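Hi,

Here is the structure I promised to pass on. Please load it first; my notes follow below.

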Amino acid sequence: MDIQLRRGVLDYCVLAVIKEEESYGYMIIKQMESLLPISESTLYPILKRLESNKLVSSYSVEHNGRLRKYYQITPNGIENLNEFVVSWKEVETIFNYIKGVSEND
């Protein structure tokens, strides 16, 4: 996948994973693995940005003597994700046009 396109959808993929179930970093990586592989060095800046933008919130829980930070989607995050889905329909229309033109070659 084109790097620019991938960057554009990563935030929304993370939001979608967290919307299904609040989660922590390693689990988010595992949940995204089959769809869009992501590394810790990519995920944590995304989570920090989403939290700064109030699209996710976090809380910590002790697990095996260490704090584990869990993320949950906020109402703003849900609204943002829903807006993305609507916008993506426009992208699909453009993609279908491009696909149709390229198939006619």
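Strands β2 and β3 form a hairpin, with two residues between them. N64 sits in that turn and has a positive phi of about 55 degrees. Bear in mind that the model is predicted.

Now the helical part. L10 belongs to helix α1, which spans residues 3–20. Is L10 buried or exposed? L10 counts as buried, because its relative accessible area is 5% and the cut-off for buried is under 20%.

Which residues does L10 touch, leaving out those up to four places away in sequence? The contacts are M32, L36, I38, T42 and I46. N104 is another matter: L10 and N104 lie 32 Å apart, C-alpha to C-alpha, with a sequence separation of 94 residues.

Last, the annotation. An unreviewed UniProt entry lists residues 14–82 as "domain: Transcription regulator PadR N-terminal". In the model, that span is 52% helix and 26% strand.

Over to you.

Best wishes

Note on methods. Residues are numbered from 1 along each chain as its sequence is written. This is a predicted model: local features need pLDDT of at least 70, side-chain atom pairs count only at pLDDT 80 or more; totals for chains, interfaces and linings use all residues. Side-chain values use heavy atoms; hydrogens and water are left out. UniProt positions are given in the numbering used here, feature names are shortened, and annotations may be inferred rather than shown by experiment. Helices (H or I, at least four residues) and strands (E, at least two) are DSSP runs, numbered from the N terminus. Buried means under 20% relative accessible area, exposed over 50%, partly exposed in between (1.4 Å probe, protein chains only). Contact means heavy atoms within 4.5 Å. Two strands pair if DSSP finds at least two bridges between them.
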